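Dear colleague,

I am handing over the structure we discussed, with the sequence alongside. Please have a look at it first, and then read my notes below.

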Amino acid sequence: IYFDGENGNLKRAFDPKSKADQSFTAGGSRHFGQRNLFSGSFNYHRQALYDKKWIHNSNPYVALPFLLADSSVGDFRLNGLYWEVTYAREWIARKLYSGTTIFYNVDETYKTVFPKPQINHRDIMLTNGLNFRTSEIFYLGLTALYFDFQENMETSKYNQDQQKTPIFYKIRGLDNPLIFKGETSEERLMTTQGFDLKANGELNLSHVIFNWLGGFEKAQCQNTDGGAYPVAQGKWHSQAEFFKTDLALKINPTFSLSLFIQGHRRALSANHPDMDIRIYSSRSQDLTSGINPVFSIRNISIGGKYFYISQTLRQTDNYNGILHYYPAGANCLELNLATTGAGKYNLGIDLGYDQMASGDTKYFSERTDWFYDLITRTDAEYYTCVKRLTWAQINFSVSSNAHRQYSILVKYGLINTDTTEPIKTDRSFLTVNLVAAQN
């Protein structure tokens with residue numbers, strides 16, 4: 001059982017003021033012979049979004065240049081199911097392994113206020129992996145992922161109050177959306193396909209362990225309005241590269257140290273639906289590096305982690321003549337305490353503090369209109385303000401003699417910023433996860 005919620009005024013223009021996610025998952029696994037394993041899980045999830053502005057798209061801030069909206073602010077409700085099935089096989093004893101996972105999700109979202117759009121998702125992911133271990137010292141893994149996502153947004157005239165006329169916005173880039181009155185049903189289908197390839201490995205020299213991961217992703221998306229007579233509404237493609245390395249050093253029996261660095265970069269380009277020109281592009285990247293010392297005494301370990309995050313986001317609206325460049329840096333500190341009790345229980349307590357500040361932000365926005373001032377400028381203020389996050393987490397698990405295990409995780413965080421406005425500007429987060437397992 002999982003719950004995740006957040007609430008507060010510190011948000012971007014199209015973020016909801018409050019959000020509550022709940023999910024219920026049941027799963028199991030079974031061995032067939034000594035080399036075959038089947039596992040699977042079934043999940044029911046629901047979500048409530050409160051005071052979400054305009055947008056019908058479920059995730060407007062995943063670098064989507066084309067959005068569909070109406071002029072109302074209201075609540076959204078989501079109900080969905082997903083299935084996940086995995087088959088794994090050991091081909092050569094303790095040497096060569098493979099696995100395949102199929103993920104399938106369907107969900108339905110509706111807006112509670114006029115004009116009551118309905119959003120349906122169908123998501124498929126297929127993952128294949130191969131792991132080769134030459135010895136206890138070295139292993140290499142390869143993973144290929146294919147994904148196919150569909151989001152269908154429909155506002156039916158039969159759901160509308162006949163005494164009202166909805167106002168729709170077709171947003172393209174950072175300014176000047178198309179505005180029109182809805183007189184019949186309005187439908188948009190967004191399809192996204194792509195693949196992800198990555199490799200990972202480990203070199204274990206007892207007192208020195210080196211882990212690494214690297215890969216890239218490519219995706220393309222198509223927006224189409226209408227049902228029987230579709231009209232193209234823009235397409236985009238993106239490419240991402242990512243890597244992660246970790247060097248763990250065991251200095252002595254009571255002290256270990258790890259050094260880590262990871263990075264991610266994504267570039268997106270979108271074409272105008274009516275003309276063969278680029279209408280929008282964005283590039284984001286982040287680089288994280290840090291250190292994690294851990295002291296261990298008997299059944300107690302105490303650790304501290306410090307890392308620095310460098311981020312940049314560049315948005316270019318070629319059609320409206322707008323350019324935004326947001327550099328930022330974050331200092332992050334964590335303290336960790338973990339203890340075990342004769343294999344019967346495990347307790348972990350984590351505390352953290354992050355502070356993010358923007359760098360030399362640049363704007364070019366001479367040709368702007370009302371949408372820029374109302375929406376895009378609000379997002380710019382969010383990206384450039386100083387944000388401080390304080391959080392705490394506790395994780396407790398206990399095992400019984402009947403091979404049962406129960407665990408609970410609770411995490412709470414508060415993010416705030418300096419502001420001169422009379423309205424309190426902060427955002428709180430709460431996560432609760434309950435697990436019961438039978439071995």
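Leaving aside residues up to four places away in sequence, Gln311 touches Gln285, Asp286, Tyr326, Pro327, Ala328 and Met356, where a contact means heavy atoms within 4.5 Å. This is a predicted model, in which local features need pLDDT of at least 70 and side-chain atom pairs count only at pLDDT 80 or more, while totals for chains, interfaces and linings use all residues. Residues are numbered from 1 along each chain as its sequence is written, and side-chain values use heavy atoms, with hydrogens and water left out.

Gln311 lies in strand E15, which covers residues 300–317; strands here are DSSP runs of E with at least two residues, numbered from the N terminus. With a relative accessible area of 30%, Gln311 is partly exposed, a class that sits between buried (under 20%) and exposed (over 50%), using a 1.4 Å probe and protein chains only.

Turning to the strand pairing, two strands count as paired if DSSP finds at least two bridges between them. Strand E12 (residues 231–252) pairs with strand E13 (residues 255–271) in the antiparallel sense over 17 bridges, and E12 and E13 form a hairpin with two residues between them; within this pairing, Leu259 in E13 is the bridge partner of Leu247. E13 also pairs in the antiparallel sense with strand E14 (residues 278–297), over 17 bridges, and this hairpin has six residues between E13 and E14, with Leu287 in E14 as the bridge partner of Gly263.

Best regards

How values were computed:
Helix = DSSP H or I, 4+ residues; strand = E, 2+ residues; numbered from the N terminus.
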